[in-house]
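User: I am new to this structure and would like to learn how to read its features. May we begin with burial?

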Amino acid sequence: MAFAKASAGAMADINVTPLIDVMLVLLIIFMVTMPIQSVPVDVDLPQKTDKPPENPKEPPDPIELRIDASGQVFWNNSPTPVSALQKMMEEEVARDPTNQPELQIDTNESAEYGVLAKVLAAAKNAEMMKIGFVQK
C-alpha cells in the first residue's frame, strides 16, 4: 500500500472549535438577557374525595347568552343591556350556589371583543363557575 505524501501547502480543514466557543457564549448571553415571561394562571382543579355526593341534583337549564355583530347581548333570546348582566347572573347564582346553571356564550365573528370582556367580567364578579363557549 502506498501513501500519498502530504504537500507542504496550507491546510484545507476548517477549525470549528472557535466557532463552537462563540456560539456557546452567545447562547449563554441570550439565555441570561432574555426576560422570563411566566404569568401564573389560577386554575381551580377538582379535588379527590373519598365519597361521591349522595344525591346528585339535576342541573338547571343552561343560560344562552348571545352577542351579535352590533354588540347587542341576548339573554335566552331576549335583548338585555350589558349593565344588567351582572345582577341577572348574581340572581341565578343565588338560587343554588352549589348547582349553578351553565352560561353558554355564543358570539358572532364580527362582535367586538370589548363586549365579550364585559360579559366575562360580569360572570366572574357574579361568581359563576360554569362558563362555556358555543358556536351555532
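User: What share of the residues in the protein chain is buried?

Analyst: A residue is buried under 20% relative accessible area, exposed over 50% and partly exposed in between, with a 1.4 Å probe and protein chains only. In this predicted model, buried residues make up 21% of the 136 residues in the protein chain. Residues are numbered from 1 along each chain as its sequence is written, and side-chain values use heavy atoms, without hydrogens and water. Local features need pLDDT of at least 70 and side-chain atom pairs count only at pLDDT 80 or more, while totals for chains, interfaces and linings use all residues.

User: Which residues of the largest nonpolar core touch the most other members?

Analyst: In soluble globular proteins, nonpolar side chains tend to be buried together. A nonpolar core is a set of buried Ala, Val, Leu, Ile, Met, Phe, Trp, Tyr and Cys residues joined through side-chain atoms within 4.5 Å. Here the largest one has 17 residues, and Leu 65, Leu 85, Met 89, Leu 103, Val 119 and Met 128 touch the most other members.

User: Which element gives the largest share of this core?

Analyst: Helices (H or I, at least four residues) and strands (E, at least two) are DSSP runs, numbered from the N terminus. The largest share, 5 residues, comes from α3.

User: Which residues does Leu 85 touch?

Analyst: Contact means heavy atoms within 4.5 Å. Leaving out residues up to four places away in sequence, Leu 85 touches Leu 65, Val 73, Trp 75, Thr 80, Val 119 and Ala 122.
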